[in-house]
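Dear colleague,

I am passing on the structure below, and after it I have set down what was found in it. Please read the notes with the model open beside you.

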Amino acid sequence: MKLKGTLWTLLRSQWLLLLAIVLYGWAFSVTPDRALEALTVAGTSFSSVLLLIVAVMGLVGVIQVWISRDLISRLLGRQGGFRAFFIAAACGTVLIGPAYIIFPLLMSIRAQGARWGVIVTVLAAYAVKIPMIPLEVQYLGWGFSLTRSLLTILFAIPIGLAVEAIMERPAAIRPP
């Protein structure tokens, strides 16, 4: 019974890695040359982001150890009130980088006491990317860029509040 529970926990926590291993096993059995080519591409991609991932995990450690839970709660938790959402929207617009960097950072901040609404507001505002606006303007124009950016920021906070309301419903009525 305990082995079954341990196996189920492993499957649930590492399903993506296990799926990739199964798919590579299948690919090597069908066409070994293409599977080896895919493995080479995967290795090259992984090596190009490895240092970035290590840096992000380092930042996560720094946040969890050096920034106190009280500070995060005071600024981005319930104590932060509506100001927390404005901080989140501002932070979301200046963040750059891929989602696999942002998600661990946000989860670290969430573990330190930030509200779900704040986390979602950062993610929603992350679509703006202020450093990328000049490039967007060059291709799509000022009107499009400003309208999209303003609407994204305006709706980031209501989206954060809506997701927080869903996440904090009692578990009995929350979808699985």
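This is a predicted model: local features need pLDDT of at least 70, side-chain atom pairs count only at pLDDT 80 or more; totals for chains, interfaces and linings use all residues.

Residues are numbered from 1 along each chain as its sequence is written, and side-chain values use heavy atoms, with hydrogens and water left out.

The structure holds two aromatic pairs, where rings of Phe, Tyr and Trp (for Trp, its six-membered ring) pair if their centres lie within 6.5 Å, and where planes under 30 degrees apart count as stacked, over 60 as edge-to-face and the rest as tilted. Phe82 and Phe85 make a tilted pair, at 5.7 Å centre to centre and 40 degrees between the planes; they are three residues apart in helix H5 and so are separated by about one helical turn. Helices here are DSSP runs of H or I with at least four residues, strands are runs of E with at least two, and both are numbered from the N terminus. Phe82 also pairs with Phe86, this time edge-to-face, at 5.3 Å centre to centre and 75 degrees between the planes, and these two lie four residues apart in H5. Phe82, Phe85 and Phe86 thus belong to one aromatic cluster, although Phe85 is buried at 1% relative accessible area and Phe86 is exposed at 52%.

The two sides of H5

Ala84, Phe85, Ala88, Ala89, Gly92 and Thr93 are buried in H5, and because they cover an arc of only 165 degrees around the axis, they are on the same side of the helix; the arc is that of the directions from the helix axis to the C-beta atoms. Phe86 and Val94 are exposed on the other side of H5. The buried residues of H5 pack against H4, H7 and helix H9 (142–167), contact meaning heavy atoms within 4.5 Å.

The core and helix H6

The largest nonpolar core has 19 residues, and those with the most contacts inside it are Leu105, Ile109, Ala114 and Val118; such a core is a set of buried Ala, Val, Leu, Ile, Met, Phe, Trp, Tyr and Cys residues joined through side-chain atoms within 4.5 Å. Two or more residues each come from helix H3 (32–66), helix H4 (69–76), helix H5 (81–94), helix H6 (99–111) and helix H7 (116–125), with the largest share, five residues, from H6. Leaving aside residues up to four places away in sequence, Ile109 touches Ile63, Ile72, Leu76, Ala114 and Ile119.

Ser108 is found in H6 and counts as buried, at 3% relative accessibility. The C-alpha atoms of Ser108 and Gln64 are separated by 6.7 Å, although the two are 44 residues apart along the chain.

The record

In an unreviewed entry, the UniProt annotation "transmembrane region" covers residues 7–26, 46–68, 80–103, 109–128 and 149–167; its positions are given in the numbering used here, feature names are shortened, and annotations may be inferred rather than shown by experiment. In the model, residues 46–68 are 91% helix and 0% strand, with the end C-alpha atoms 33 Å apart.

Best regards

Conventions: Buried means under 20% relative accessible area, exposed over 50%, partly exposed in between (1.4 Å probe, protein chains only).
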